[in-house]
Amino acid sequence: MAYETVAQPFAPSSIWNTPIGSGATFQSASGTQTASIQHQAGVTTWIGDNAMGIYQASASDPLATWTYNTRATNADWTFGGATTNGSFQMRTPASLQFKTSDGWAIIVSEDGKHYVETWLGAKQGSGYHAEYLAENVVTGDGIANVPGAHEGIRAAGMSLMGGLVQKHDLDTLSIDHAVAMAISTTQAGSSRTPYVWPATTADSFSGSYSGSVPLGSLFAIPRDVDLSTIGIKTAEGMALAKAYQNYGGYVTDTAGPNTINMAYVETGATNQQINNLHTDMQAIRDHIQLVTDNTAATPGGGGTPIVSTPAPTPVVTAPTPVATDPAPTPVVTAPTPVATDPAPATPAAPAGTPAATLGSGSHELLLKISEDSYRGDATYTVSVDGQQVGGTQTAHASHAAGQSDLISVRGDWGAGTHDVSVTFLNDTYAGSAAKDRNLYVDGATYDGKAVSGGQAGLWSNGSHHFSIGDAAPATAAPAAPAATPPTATPAAAAATLGSGPDVLLLKISQDSYRGDATYTVSVDGKQVGGTQTAHASHAAGQSDLISVRGTWAAGDHDVAVKFLNDAYDGSAAKDRNLYVDGATYTDGASHASYAVQGAEQGLWSNGTHHFTFHDYLV
């Protein structure tokens, strides 16, 4: 392998490239930290798919202007300028996209040696803006060397590129490096010792950690575990299990109060690859244990590094090489999931592949459905013109993870307008957003064309109605007028309201009709900024990124997004609406962030959507 390249970043001596050693000592499965990681109740197992892209710059890319609020102060920064409120120019691929609510991306320099990673990055006019930036080198070690320092975006002070499962890792079925993990804030801790080597920092709200696992901890599958016997069912799952046995996973971050993230995956992996990782993530989680002697003097536990030669892993019906000795992998039944609260959602079907087909006929209504799962999945029915199509359906795709089930509803519907209703059947709520089962209609197409008004969130039992139209039979028509250029879908916008170190990042979109939707944002009853105008198209899956800044005290804070100018002229195509697509709250000092529960809402008439974020800093 070629170390110190983008494909295999960092020096051979880096923790990311150091195998588990022969001297590694593992905590018993009943040990406090291992038991928490393996089966703490209420913590959902997840894979951070489509987490970030790696973009290689070239001499032909435009020289873009970047601005930032803060940058890392490590020695790898080459652009000069102030550490706060600065700007610089960098060749930036036009294909650059920022992923997840954290606005992550990695941009590699023309020479392939340096890279910049972003937090809360966004396109801004002809340039780009990020709340926080760090620059690193692929020849380094991917971690900071001084307590309190940051070598990258992670809460633990580590680089985003460290431990990222790249697309080629899955294509070759060989993850030949350690893996980056994120754990629940209820697993992280203690508040007195929130991090250990190789971590150099923790979240600013680490005083509120309520668990026992410090950031920087190394977890691995012990060498004597036969991977062919633990319930791995897919080739990608076996590749990830081998990585955990050969190199282990480092706790780099927290993922909110209810989730353990077993891997972050680069943009571009196929839906099937991601689904396969979801299939096997729980079996892997069930078998990782804390390496108790991972230190700067004995990385990976010390002793002789032990790692098998990477080899492609075939599907489970064929013999599958494992880390220590080749052993056949039999077809196995799915492992019994660890009881969690809420239960993890089943991964969505691959994009473009219907998860279910209801009815039959020449026309297709394709629904995108997702859920918030709690003590079971959401169930629903689909009706067209009052007639139910198919039986009761069960949602599987996680709305929080940006997934959707594809439900193909078929029929021979005549010309004219037809009413579609999606009815949510089994709402449940146990006092908090984390214990709330919800159903979402994420969008719809009819015979391949987007349906206006097809999006809705159902937070209680009831029906969402929208219309589809089947074209009338063709008739002779007068000559068409001269073609009019189509109206372009407005690009998503970015704006900053207020000032202060803390950031509430709102994702806003609209259905535009005779003008754009307008709204205001208030925190604790005080409006921040003036009247805002939405630009991003909800139907196109876009969102404006609105950075609301302030200095908020510890505790709960009420957010109010108020829709001001609703309009409706009798049909879904003539209906102006506003949507809050999500929100992230971030402490400005540490750059640690979490998704805000209950932020998502569609506003179909003038009114106010309230939700709450919590500042943990004490």
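Modeller: What follows covers a helix, a loop residue and a strand. This is a predicted model, where local features need pLDDT of at least 70, side-chain atom pairs count only at pLDDT 80 or more, and totals for chains, interfaces and linings use all residues. Residues are numbered from 1 along each chain as its sequence is written, and side-chain values use heavy atoms, with hydrogens and water left out.

Biologist: Why is helix α1 largely enclosed by the rest of the structure?
Modeller: Six of the eight residues of α1 (residues 32-39) are buried, so the rest of the structure largely encloses this helix. Buried means under 20% relative accessible area, exposed over 50%, partly exposed in between (1.4 Å probe, protein chains only). Helices (H or I, at least four residues) and strands (E, at least two) are DSSP runs, numbered from the N terminus.

Biologist: Which residues of α1 are buried, and what do they pack against?
Modeller: They are Q33, T34, A35, S36, I37 and Q38. Their packing partners are β8 (179-183), β9 (218-220), β11 (259-266), α4 (271-285) and β12 (289-290), with contact meaning heavy atoms within 4.5 Å.

Biologist: New topic. Is S537 buried or exposed?
Modeller: S537 counts as buried, at 16% relative accessibility. S537 sits in the loop between β29 (532-533) and β30 (544-550).

Biologist: And strand β14, which strands does that pair with?
Modeller: β14 (residues 363-372) has eight of its ten residues buried. β14 pairs antiparallel with β18 (residues 405-411) over seven bridges, and E364 stands opposite R410 there. β14 also pairs antiparallel with β21 (residues 436-446) over eight bridges, with E371 opposite L439. Two strands pair if DSSP finds at least two bridges between them.
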